[in-house]
Amino acid sequence: MTSAPGALTLDAEALYRELARGVQQLQRPGTRLVGVTSGGAWLAERLHQDLGLQGEPGVISSAMHRDDYASRGLAASAQTKLDFDVNGAHILILDDVLYTGRTIRAVLNELFDYGRPAAVQLAVLVDRGGRELPVQADYAAARVSLPDDQSLELARDPAGRFSFKVERH
């Protein structure tokens, strides 16, 4: 990502390679990758392929359990798809950016609607701090600070390469 002088610059592809190393460390036999829509799902899909894992990665949506559901409604993003038995499974949730912790809280509620996993871990591409809930990643490829009026969004080009966009709101 190239931007104005003094602006945050992150190499999403380099961070992806670092995340892949971290995921390999966290994995145990039978670990299931589950990506949070949409950036986390992209990460899970690519990691699943790059690591040569069997089956399909899961996709999980936070939409139904968000504490701001009344104001946001259902997002147009993909819905939850877990083609495996959650009961007793070791699950590694993947997300692009960890911020307040509210999305992960909603994702955990959604996950437990499908069963009771043996263990759940969280790996993220970027932890930007700013937590509002006691949620922590087991692995973060990078930690950055951004002002509250900026968001960090993962983008994916047609070839599957990742980049970041920093936006003001």
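Let's start at Arg-128, which sits in the loop between β4 and β5; helices (H or I, at least four residues) and strands (E, at least two) are DSSP runs numbered from the N terminus. Keep in mind that this is a predicted model, where local features need pLDDT of at least 70, side-chain atom pairs count only at pLDDT 80 or more, and totals for chains, interfaces and linings use all residues. Residues are numbered from 1 along each chain as its sequence is written, and side-chain values use heavy atoms, with hydrogens and water left out.

Arg-128 is buried but has no salt bridge. Buried means under 20% relative accessible area (1.4 Å probe, protein chains only), and a salt bridge needs a side-chain nitrogen of Lys or Arg within 4 Å of a carboxyl oxygen of Asp or Glu. The nearest side chain of opposite charge, Asp-148, is 4.7 Å away. What Arg-128 does have is the backbone oxygen of Leu-146, 3.3 Å from a polar atom of its side chain. Among the residues Arg-128 touches are Val-97, Tyr-99, Val-144 and Leu-152, with contact meaning heavy atoms within 4.5 Å.

Now step back to the sheet. Its 5 strands run in the order β2-β1-β3-β4-β5, open and parallel, and β2 (58–60) and β5 (139–143) are the edges. Strands count as paired if DSSP finds at least two bridges between them; β3 (residues 90–98) and β4 (residues 119–127) have 8. Leu-92 stands opposite Gln-121 in β4.

As for the helices, α2 (residues 39–50) packs on the sheet, touching β1, β2, β3 and β4. Helix α1 (residues 12–26) lies across β1 (32–36), β3, β4 and β5.

Notes:
Axes fitted to C-alpha atoms, helices over the stretch in contact; angles between N-to-C directions. Buried < 20%, exposed > 50% of the residue type's maximum accessible area, 1.4 Å probe, protein only. Lys, Arg positive; Asp, Glu negative; His and termini not counted. Polar contact = N/O pair within 3.5 Å; in protein donor to acceptor, adjacent residues only side chain to side chain. Lists of a residue's contacts leave out its neighbours within four places in sequence.
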